[in-house]
Amino acid sequence: MSEDIRKLSSLERVELAARTLGLDISIKRMEQSTRTAEEAAKAAGCAVGQIVKSLVFVNADTQALTLLLVSGAHNADTAYIATAYGVRLKRADIDRVRDETGFAIGGVAPVGHLVDLPVFMDESLLAYDQVWCAAGRPDSIFSCNPTTLAQKIAAKAIRIKAN
């Protein structure tokens with residue numbers, strides 16, 4: 001990514017990335033925090049399940065950062081993901097997340113990262129017509145169709161927890 005892109009604000013990077021991908025979004029800055037799924041759902045006026053949590057992990061085999069887009073109603077079961085998909089994930093250092101994605105925890109967007117990340121999406125998000133995602137700041141969100149988002153960012157839909 002060029003140095004010019006690195007100089008953009010988080011919101012500007014999200015807007016530019018969405019536009020480049022052909023993803024039509026409108027970022028909303030809220031007066032209240034949208035850092036947690038519950039806060040974001042309250043701010044957006046939607047169900048917690050419609051909130052997309054952008055969780056950044058380290059792939060234990062490659063050491064590369066990996067993005068999991070998880071429904072706000074779920075927690076990622078990394079042991080299940082390792083067994084079912086062969087992807088062993090471990091917690092990422094918050095400084096590394098900020099350095100490589102350009103976003104602080106609580107505002108990580110599904111688009112606009114400083115580096116390319118493999119992306120896995122909680123398949124339950126695809127049941128909704130509209131989901132809400134962080135837009136690069138802990139007070140900003142945007143909505144989109146989850147199927148379109150998955151296609152635009154080449155996210156692989158997976159089950160993120162055992163039934």
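**Figure 1. Contribution of helix α2 to the second largest pocket of the predicted model.** Helix α2 gives the most to the lining of the second largest pocket, with five residues. This helix spans residues 10–21, and α6 (146–153) likewise supplies at least two residues of the lining. In total, 17 residues line the second largest pocket. Those nearest its centre are Ala17, Val111, Gly112, His113 and Asp116. The pocket has a volume of about 330 Å³. Its lining comprises 11 nonpolar, three polar and three charged residues.

Figure 2. Of its 26 lining residues, Lys53, Ser54, Leu55, Ile105 and Gly106 are the closest to the centre. Strand β2 provides the largest share of the lining, namely seven residues. At least two lining residues come from each of α3 (37–44), β2 (51–59), α5 (94–101) and β6. By residue class, the lining consists of 17 nonpolar, six polar and three charged residues.

**Figure 3. Burial of strand β7.** Strand β7 covers residues 140–144, and five of its five residues are buried, so the strand is largely enclosed by the rest of the structure. In a regular strand, side chains alternate between the two faces of the sheet. In β7, both faces are covered. Ser140, Phe142 and Cys144 are buried on one side, and Ile141 and Ser143 are buried on the other.

**Figure 4. Antiparallel pairing of strands β1 and β7.** Strand β1, formed by residues 28–29, runs antiparallel to β7 and is joined to it by two bridges. One of the residues involved is Arg29, whose bridge partner in β7 is Ser140. Ser140 is also among the buried residues of β7, on the side that includes Phe142 and Cys144.

**Figure 5. The hairpin of strands β6 and β7.** Strand β6 (residues 131–134) is antiparallel to β7, and four bridges join the two strands. Ala134 of β6 has Ile141 as its bridge partner in β7. Ile141 is buried on the side of β7 that includes Ser143. Five residues lie between the strands of the hairpin, in which Gly136 takes a positive phi near 105°. Strand β6 also supplies at least two residues of the lining of the largest pocket.

Methods:
Residues numbered from 1 in each chain as written. Predicted model: local features only at pLDDT ≥ 70, side-chain atom pairs only at ≥ 80, totals over all residues. Heavy atoms only, no water. Buried < 20%, exposed > 50% of the residue type's maximum accessible area, 1.4 Å probe, protein only. Pairing = 2+ DSSP bridges. 1 Å grid on protein atoms, 1.4 Å probe; cavity = no way out; pocket = protein on both sides within 12 Å on 5 of 7 lines; lining within 4 Å. Nonpolar A, V, L, I, M, F, W, Y, C, P; charged D, E, K, R; others polar. Points joined across faces, edges and corners; volume = space filled by probe spheres on them.
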